[in-house]
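Subject: Structure handover

Hello,

I am passing the structure on to you. My notes on it follow below.

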Amino acid sequence: MTSGVVIAGGGLAAQRCAEALRRGGWEGPLRIVGEEAMAPYDRPPLSKGFLSGDLDPAEIALRPAGWHAEQGVELLLGDRASGLDPDRRLLLLASGATLPFEHLVIATGGRARELPGAAGLANVHRLRSIDDAARLRAALLPGARLAVLGAGLIGQEVAATASARGVRVTLIEAEPLPLARALHPRLASWLVDLQRAHGVDVRLGTRLERLESGDSRLEALHLSDGSRLEVDALLVAIGVVPATGWVGADVHQLARAPHIHVAGDASGANHWEAAVHQGRAAAGAILGGAAPAPALTSWWSDVHGVRLQGLGDPVGSDALVVDGDPRGRSFTAVALRRGSPVAALAAGRPRELPRLRKLLTDVHEPAKEAA
Ligand SMILES: Cc1cc2nc3c(=O)[nH]c(=O)nc-3n(C[C@H](O)[C@H](O)[C@H](O)COP(=O)(O)OP(=O)(O)OC[C@H]3O[C@@H](n4cnc5c(N)ncnc54)[C@H](O)[C@@H]3O)c2cc1C
C-alpha cells in the first residue's frame, strides 16, 4: 500500500486538513480513518438545530456526498485507530489493518468526560456524536424532566433547546458561576438570568452527591443543596478529554517529529475555530509552508435565540465595558486587564465581531513582535 498522508479521526479538523492539502497541491494518497459511520460532519448543531429536529443529518455534513471520492480522499469509516508505531510510520486499526504513512495527522477529537457510577443506566446521556444526539432528542418529550449536569456551553445549549421543546430542565453547576474561562462573571450572571427567564431551574454552587437508580434506569439525583431531584433523563456535560488514549504516548511530544501532527480537540483545543485553524496548519506543515500565527481563542453559542460570540480569555480581567442593554439581548462587552482588552463578547450582534476581533488582535500584535 502506498503511504501518503493518513488522518486518524474523521471530524472537522480532519476534513479541513484534507481540503487544505488538496487545495495546496498535495497529490499523493490521502486517507481519513473515522470510527463513526458518517462522513465528517459538524458537531455544533448537535446541541442546537439537530437536537431541536430542525436539521437532518445531510444538513450537518461538512461536504456534500461524493466530495471525498471526487477529491481522491479515501474514507475508511467504521474503523478506529488503535495503535501507532511512529518509528516505522505505521498506524494500526481496530479491524487489524495496518496503514503505512509518510505523514500522520492525529485528529481524533475529544470524548465526553464520564460520570462515575452512571455506566449502564439507559436514561443517562452524553453528547458528542450524532448517535448521542439522536438518542437524547428522543428523550426530550414535552413535560419530561431533564437534569443537565455541567453548565458549560453544551449544557447551556441543551438546556435552552430542551426547554424550548417543553421539557422541564434543571441545570446543575458545581461552581458559583458557569463558564469562568469564557465569560466575565457579570456576563455569566447575565446568561444564568437568561436561562431562568425561560424557565430553566439553574442550581449554582451545587454538586451531585449520589445517583439513585433501579432497573438500569436513573430515578433521582441527590444534590448538595439537600434536594432529591426526580428525573426522566440526565445529560452529563462535565467536560471533554482528548480522545488520544489509543496513541499510547503524549501526542504533543510525538508531534515534535516532522511527520506527526496533531489538530483539533485531540490537542486539547475544544473549539470549532481552533479545529479549523489547526487542521489547516497541519496541512501547511505537511506542504512545507510557514507555521501560521496561533489563532485568537474564539467560540460561539446559541442560547434561547441569542447568538453569543466570544473572543479571548477573560480570566484575571479587572473591568468590563458594556455597550448596549443586556436586558434587550443585544450588546457587546469587552473585558479589560490593566486597561487592555483581553476578551470580548457579542450577544445578538454578529456584525460587531470583526471589530472586536481587530480590537483584541491589535492589542496583542505589538507584544508578539516584541517577543
Ligand atoms: C454538541 C456539541 C456542540 C458544540 N458546539 C460548539 C459551538 O457552538 N461552538 C464551538 O466553537 N464549538 C462547539 N463544539 C466543539 C466543536 O464541535 C469541536 O471543537 C470540533 O468538532 C473539534 O473537531 P475535531 O475534528 O478535533 O474533533 P471531532 O469533531 O470530535 O472529530 C473527531 C472524530 O474522530 C473520531 N475518532 C475518535 N477516536 C477515533 C479513533 N481512535 N480512530 C478513528 N476515529 C476516531 C470521532 O468519532 C470523531 O468522529 C461543540 C461540540 C459538541 C460535541
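β13, β14 and β15 make up an open sheet of three strands in that order, with antiparallel pairing; two strands count as paired if DSSP finds at least two bridges between them. Helices (H or I, at least four residues) and strands (E, at least two) are DSSP runs numbered from the N terminus. β13 (208–214) and β15 (228–230) are the edge strands, each pairing on one side only. From one strand to the next the twist averages 25°, with axes fitted to C-alpha atoms and angles running from 0 to 180 degrees between N-to-C directions. Strand β14 (residues 217–223) is joined to β15 by three bridges, and L221 has L229 of β15 as its bridge partner.

This is a predicted model: local features need pLDDT of at least 70, side-chain atom pairs count only at pLDDT 80 or more, and totals for chains, interfaces and linings use all residues. Residues are numbered from 1 along each chain as its sequence is written.

The protein is split into domain 1 (5–111 + 241–287), domain 2 (114–238) and domain 3 (305–370); these bounds come from an automatic or database domain assignment. Over C-alpha atoms, the centres of domain 1 and domain 3 are 31 Å apart.

The ligand has 36 residues around it, of which G9, G11, R43, G109 and G264 come nearest; a residue is near if its C-beta atom, placed from the backbone, lies within 6 Å. α1 (12–23), β2 (30–34), α9 (272–287) and β19 (298–303) are the elements that give two or more residues to this shell. Because domain 1 and domain 2 both give residues to the shell, the ligand lies between them.

Regards
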